[in-house]
Structures are given as structure tokens and as C-alpha cells.
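Q: I have a new structure open and would like to learn how to read it. Could you take me through its features, giving the general idea before the case?

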Amino acid sequence: MSLRADNVYRFYRSGDEETLAVQGVSLEIEAGEVVALSGPSGSGKSTLLACLAGTDEPSGGTVWVEGARMSGRTEAARAALRGRHIGTMAQSGNLLAHLSLLDNLRLARHIGHGTGSIEELLADLGIADRAKAWVHELSGGELARASLAVALVNGPGVLLADEPTGELDEATEARLLALVRGRAEAGCAVLIASHSPAVRRVADRVLLLADGRLVA
Ligand SMILES: Nc1ncnc2c1ncn2[C@@H]1O[C@H](COP(=O)(O)OP(=O)(O)OP(=O)(O)O)[C@@H](O)[C@H]1O
Ligand SMILES: [Mg+2]
């Protein structure tokens, strides 16, 4: 499978306080699947996604990406694995403000060594005419699509998205989800943390987190 978590824990400690953000989560996401990660605010969705993406290190348990162990390695090793296999997306979190949209994509491409046409990707997302725009010149919906473009620019086997449609109108959300579905059909494994009913509808399955545990 493309993405696997075995008994993942993540604790946060500050002073005597301990927060059990993720408690023993195991999951598998196959190529071609779109899976929604649902659950109340504070249930651990973003923390889990960060552990899966390797931007954070679990306190316990193991994460596997495309058959390679992601957790328990150096930050550099995790970054290399992420660059090769994972696209991550938040509404604006993966764009650099002092670069144009096109230069953001070129930089991401340079780091990740992907292939395929950047122009075609922008056209698929309906933002080819905004390629030269600065990030601050993009609308919320354009920003979300630009962020998806950066996540997909290297043709990742795994797409991890944290509330990608939070600030989008329904039509733009539907368009973005259709593009994500298209990538899944091309073999990408997709996990989307979201409160949106539209994301749950488009998903093949829904995982429900409560207090850091998968309850469904
Ligand atoms: N860096 C941190 N230090 C301490 N506690 C944290 C930290 N990050 C998250 N937490 C706590 O861990 C728990 C899970 O947070 P997380 O951000 O994963 O929730 P979430 O499900 O993504 O919520 P939301 O739907 O609001 O985005 C929360 O109780 C949160 O306060
Ligand atoms: Mg969150």
C-alpha cells in the first residue's frame, strides 16, 4: 500500500501538562483511494497528517510511505522521502509569498525532481492565466488551486491535504475535488482532513478521529 501507519502516537508535553494528540492510530491508504479524515476540532487530524507527511515525528509507532519507513529517521531523510513520494496541501501553507505562482512551481519541481508539464497542470486547474501572479494577488480559490498545483507538481504517489477546501465556495470546492479524484484514478493515494460534507461525499471511505483515536 502507498501509505501505512502502525500504532502511531503523538504526545505533546509542556511542563507538567501532557496532551495525547494521537493515540494508537493504524491505517492503510491504497493507490487510487480517496479517504476523508473527519473528527471534531482538536481530535488530532492535523497532528496525524504531520506525522504521516514526516514534517513531525511520532512519539511512538511507525509510518511507511511507498514501502519505505518514514518515522524514526533523520529530518533530512524524512524530507527526501517526502520530496519523492508525498504532496502536501493546505490552503496557502505550501506557497512562498515572494515568488510568483510559476516560480513556486518551478522551485517545488526543482526540489522534488518531478516530470510532466507545469503549464498543463496549471491549465487543468484553471489558473494558467495566473502563472505570473504573485501569491498575494491570488484569490482564495485560486490560492487553493495553486496550493494543489504545488502538491501535485512532482506527480506524488501520496497526497495529504489538511482542510484544503475550508474557505472555498461550493463550485470551486467541487472542481478541486474533481481534480483530486482524477489524480486518484491515475494512481495517487489521497488522504484529506476536512469538516466538509462535500469531501466526505467524494471520498471512498471516511476515517473518524475522536480524542486522537480512530473510532470508525
Ligand atoms: N504544538 C502543539 N503543542 C501542544 N499541543 C498541541 C500542539 N499541536 C496540537 N496540539 C493539541 O493536540 C490536539 C490535536 O490538535 P490538532 O491540531 O491535531 O487537531 P485537529 O483535529 O487538526 O483540529 P482542527 O479541526 O481544529 O484543525 C489538540 O488538543 C491541540 O490543542
Ligand atoms: Mg487541524
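Q: Let's start with S117: is it buried or exposed?
A: The general idea is to count neighbours: a residue is buried if 20 or more other C-beta atoms lie within 10 Å of its own, exposed if 12 or fewer, and partly exposed in between, with C-beta atoms placed from the backbone. S117 has 9 C-beta neighbours inside 10 Å, so it counts as exposed. You'll find S117 in the loop between α3 (101–112) and α4 (118–124). The C-alpha atoms of S117 and D204 are 29 Å apart, and 87 residues separate the two along the chain.

Q: Before we go on, what kind of model is this, and how do the labels work?
A: This is a predicted model, in which local features need pLDDT of at least 70 and side-chain atom pairs count only at pLDDT 80 or more, while totals for chains, interfaces and linings use all residues. Residues are numbered from 1 along each chain as its sequence is written, and chains are lettered from A and ligands numbered from 1 in the order in which they are written.

Q: How many helices and strands are there in the chain?
A: Both come from DSSP runs numbered from the N terminus: helices are H or I with at least four residues, strands are E with at least two. Here the chain has seven helices and 10 strands.

Q: How do I read the sheet, and in what order do its strands come?
A: Two strands pair if DSSP finds at least two bridges between them. Six strands make an open sheet with mixed pairing, in the order β6-β7-β8-β3-β9-β10. At the edges are β6 (86–89) and β10 (213–214), each pairing on one side only. Look inside the sheet, too: β7 (residues 158–162) and β8 (residues 189–193) run parallel and are joined by five bridges. L160 stands opposite L191 in β8.

Q: Which residues surround ligand 1?
A: A residue is near a molecule if its C-beta atom, placed from the backbone, lies within 6 Å of it. Around ligand 1 that gives Y12, T19, A21, G39, S41, G42, S43, G44, K45, S46 and T47. β2 (17–29) and α1 (45–53) each supply at least two residues, and α1 gives the largest share, three.

Q: Is α1 mostly covered or open?
A: An α-helix has 3.6 residues a turn, so residues three or four places apart point the same way. In this case α1 is mostly covered, with seven of its nine residues buried. They are K45, T47, L48, L49, C51, L52 and A53. Just after α1 comes G54, with a positive phi of about 80 degrees.
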